[in-house]
Amino acid sequence: MPQTEPFLVPGDDATLASILAAAWSLLERAAGRAPEDWRWPVLASVDSRDPERGAADARVVVLRRADARDWTLEVHGDARSHKLAQLRAAPRACLVFHDRTRELQLRAWADASVHVGDATARRAWDALHAASRRAYLAPRTPGEPTAQPDANQPPGLEGRLPGVAESEPGFASFAAIVLRVHALEWLRLDRAGHHRARFDADPAGGAPAMRWVRP
Ligand SMILES: Cc1cc2nc3c(=O)[nH]c(=O)nc-3n(C[C@H](O)[C@H](O)[C@H](O)COP(=O)(O)O)c2cc1C
């Protein structure tokens with residue numbers, strides 16, 4: 001696979017700029033319909049429930065949107081979930097993308113903004129399929145302990161998808177998480193030598209800082 005995608009094989013003429021462009025191109029592709037590994041990143045956040053110790057937390061999410069123009073990513077979650085409580089309390093996140101075939105890892109550090117019930121949430125919700133909307137009709141708070149196994153499915157919707165009107169109450173529990181990326185790190189494994197590069201956004205909106213890092 002890498003042979004057919006020359007930009008993924010940094011050689012003598014590979015520039016940091018082309019790697020950065022490749023990273024965003026793959027992110028945009030993964031957020032689309034193509035079944036790319038990068039569609040399922042791990043989202044890490046800070047769990048500050050215990051202010052003495054703090055803790056790391058992480059889980060798999062679906063990458064819903066990527067925009068190279070303003071370095072933003074978007075994922076979705078239940079507004080009642082732990083991850084949303086964590087991101088509200090500490091609006092910083094790290095996303096880890098792993099592409100097994102291309103032997104590529106990308107880490108993205110970002111500031112997170114949570115959108116519930118606003119125009120951003122509405123735009124994202126309106127584009128969701130019934131299968132995705134269904135999750136937000138869960139009657140009970142996700143993460144709650146339960147004595148019996150409980151799939152937390154909406155009554156009357158077991159085994160079928162909701163219609164558009166039927167799914168609408170789910171909007172109240174729907175959160176769009178917009179991640180404004182401020183740094184990226186690319187790592188490509190290669191028997192001939194690994195390549196690692198770091199990209200930092202310019203807070204003033206200028207060109208990003210790009211540098212090689214020893215793997
Ligand atoms: C393949 C896969 C995709 C997932 N996508 C999402 C997602 O897009 N949003 C989400 O909130 N949870 C998603 N989950 C579930 C999360 O990994 C996690 O279990 C759940 O959101 C609870 O996390 P929390 O308690 O940290 O909030 C996904 C799980 C898997 C296995």
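The model is predicted, and the chain in it has five helices and nine strands. Read along the sequence, these elements follow the pattern α-β-β-β-β-α-β-β-α-α-α-β-β-β. The C-alpha atoms fill a box of roughly 60 × 45 × 35 Å, taken along the principal axes.

**Overall build**

- Of the 215 residues of the chain, 26% count as buried.

**The nonpolar core**

- In soluble globular proteins, nonpolar side chains tend to be buried together.
- The largest nonpolar core in this chain has 41 residues, and the members that touch the most other members are Ala23, Leu27, Leu73, Leu95, Ala110, Ile177 and Leu179.
- At least two residues of this core come from each of helix H1 (16–31), strand E4 (72–78), helix H2 (82–89), strand E5 (92–99), strand E6 (104–115), helix H3, strand E7 and strand E8 (195–200), and E7 gives the most, with nine residues.
- Ala23, one of the core members named above, touches Leu106, Leu184 and Trp186 when residues up to four places away in sequence are not counted.

- An α-helix has 3.6 residues a turn, so residues three or four places apart point the same way.

**Strand E4 and its partners**

- Strand E3, residues 65–67, pairs with E4 in the antiparallel sense over three bridges, and in this pairing Ala66 stands opposite Leu73 in E4.
- E4 also pairs with E7 in the antiparallel sense, over seven bridges, and here Glu74 stands opposite Val178 in E7.
- The hairpin of E3 and E4 has four residues between the strands, and Trp71 lies in this loop between E3 and E4.

- Most residues other than glycine have a negative phi, and most peptide bonds are trans.
- Trp71 is not a glycine, yet has a positive phi of about 55°; Trp71 is buried, because 20 other C-beta atoms lie within 10 Å, and 20 or more is the cut-off for that class.
- Asn152 is likewise not a glycine and has a positive phi of about 55°, and its place is in the loop between helix H4 (130–134) and helix H5 (164–167).
- Asn152 has 15 other C-beta atoms within 10 Å, so Asn152 is partly exposed.

**The surroundings of the ligand**

- The ligand is surrounded by 15 residues, of which the closest are Arg59, Gly77, Ser81, His82 and Lys83.
- Strand E2 (55–60), E4 and H2 are the elements that give two or more residues to this shell, and the largest share, four residues, comes from E4.
- The residues of the shell divide into six nonpolar, five polar and four charged.

Note on methods: Residues numbered from 1 in each chain as written. Predicted model: local features only at pLDDT ≥ 70, side-chain atom pairs only at ≥ 80, totals over all residues. Core = buried A, V, L, I, M, F, W, Y, C linked by C-beta atoms within 7 Å. Buried ≥ 20, exposed ≤ 12 C-beta atoms within 10 Å, placed from the backbone. Contact = placed C-beta atoms within 7 Å. Near = placed C-beta within 6 Å. Nonpolar A, V, L, I, M, F, W, Y, C, P; charged D, E, K, R; others polar. Pairing = 2+ DSSP bridges.
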